[in-house]
Amino acid sequence: MENKVAYITGGTKGIGLGIAQVLHDHGITVAISARNNDDALNVAAELSSADAPVFGLSSNVRNFEDEEKAVAEIINKFGRIDYVIANAGVGIFKPVDELSLEDWSAMIDTNLNGIFHTLKASVEELKKSEGYFITISSLAGTNFFEKGAGYNASKFGAVGFTQAAMIDLRKYNIKVSTIMPGSVATHFNGHTPSDADSWKIQPEDIGQLVLDILKMNPRTLPSKIEIRPSKPNS
């Protein structure tokens, strides 16, 4: 996997950071983005090693122009993009009658429009590299639940979008997959990870899964992957 370049949105914490750490540890050049430029630069510096720097940059996936600029900066610095992991996401959980227009827009614009913006900005480079596009969706993209109307809608959409994109892009030898995690020990939705989360999927587990997908024989495509804790918390 030498000389490969990966771009991870929402790469400064949680699942995105776990993916960035694993890919970096296995010799892949990594670029991470976040809405806050200082966060992106600081985390990139922490991940970097003397012979393998990590590139941090600011981008809000809700804005297509931000993603266009991010991809252009990565190409300017590294000359290519091989792997794009659309990870940035947000969740707001309220009964549908209490869900505001702002709540709805935040989730749809980030979790659904955001992955379209990321793919739209990077697809021509992925055609050149015959690369891989991976979205981080959720089991909420197949299982609906109380107070999940907005989040479910965004994640069901993300799964459908990714599967259709897979069919559209395979003629260019671009591989497309979606990963649908269950409970993960992250800061998502204001949670603070602790020892009590030891039963959950850990961010580095998702990173290992991404690495395994990227290393798989190219004749095989795991297009939709559900992943959950081995045992629910008792």
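## Thr 186 and its neighbours

Thr 186 touches Gly 14, Ile 15, His 191, Pro 193 and Pro 203, leaving aside residues up to four places away in sequence. In this predicted model, Thr 186 lies in the loop between β6 and α6. Its relative accessible area is 9%, so Thr 186 is buried.

Two of these partners, Gly 14 and Ile 15, are buried residues of α1. Another, Pro 203, is a buried residue of α6.

## Helix α1

α1 is mostly covered, with nine of its 12 residues buried. The buried set is Gly 14, Ile 15, Gly 16, Gly 18, Ile 19, Ala 20, Val 22, Leu 23 and His 24. Gly 27 follows the helix and has a positive phi, near 85°.

The length of α1 can be checked. Its 12 residues should span 16 Å at 1.5 Å a residue, and the end C-alpha atoms are 17 Å apart, so the two values agree.

## Helix α6

α6 covers residues 203–215. At 1.5 Å a residue, these 13 residues should span 18 Å; the end C-alpha atoms lie 19 Å apart, which agrees.

Which residues of α6 are buried? They are Pro 203, Ile 206, Gly 207, Leu 209, Val 210, Leu 211, Ile 213 and Leu 214. Their cover includes helix α1 and the strands β4 (83–86), β5 (132–136), β6 (175–181) and β7 (224–227).

## Met 180 in strand β6

Met 180 sits in strand β6. With a relative accessible area of 1%, Met 180 is buried. Beyond residues up to four places away in sequence, Met 180 touches Ser 137, Ser 138, Leu 139, Gly 141, Thr 142, Val 159, Lys 224, Ile 225, Glu 226 and Ile 227.

Met 180 and Ile 206 are 26 residues apart in sequence, and their C-alpha atoms are 9.9 Å apart in space.

## Packing of α4 on α5

Two packed helices are described by the angle and the distance between their axes. For α4 (residues 101–129) and α5 (residues 149–169), the axes come within 7 Å and cross at roughly 15°. Angles under 35 degrees count as roughly parallel, so α4 is roughly parallel to α5. The crossing is right-handed.

From α4, the contact uses Trp 104, Met 107, Ile 108, Asn 111, Leu 112, Ile 115, Phe 116, Leu 119 and Val 123. From α5, the contributors include Tyr 151, Lys 155, Phe 161 and Leu 169. By class, this contact has 15 nonpolar, five polar and one charged residues.

## Packing of α3 on α4

α3 (residues 64–78) also meets α4. Their axes come within 8 Å and cross at roughly 30°. This crossing is right-handed. α3 supplies Phe 64, Glu 67, Glu 68, Val 71 and Ile 75. α4 supplies His 117, Thr 118, Lys 120, Ala 121, Ser 122 and Glu 125. The class count is four nonpolar, three polar and four charged residues.

Glu 125 touches Val 71, Ile 75 and Ile 81, residues up to four places away in sequence not being counted. Of these, Val 71 and Ile 75 belong to the α3 side of the helix contact.

How values were computed: Residues are numbered from 1 along each chain as its sequence is written. This is a predicted model: local features need pLDDT of at least 70, side-chain atom pairs count only at pLDDT 80 or more; totals for chains, interfaces and linings use all residues. Side-chain values use heavy atoms; hydrogens and water are left out. Axes are lines fitted to C-alpha atoms, for helices over the stretch in contact, and angles run from 0 to 180 degrees between N-to-C directions. Helices (H or I, at least four residues) and strands (E, at least two) are DSSP runs, numbered from the N terminus. Angles under 35 degrees count as roughly parallel, over 145 as roughly antiparallel, 65 to 115 as roughly perpendicular and the rest as oblique. A crossing is left-handed if the near helix is turned anticlockwise from the far one by less than a right angle, and right-handed if clockwise. Contact means heavy atoms within 4.5 Å. Ala, Val, Leu, Ile, Met, Phe, Trp, Tyr, Cys and Pro count as nonpolar, Asp, Glu, Lys and Arg as charged, and the others, Gly among them, as polar. The expected span of a helix is 1.5 Å times one less than its number of residues. Buried means under 20% relative accessible area, exposed over 50%, partly exposed in between (1.4 Å probe, protein chains only).
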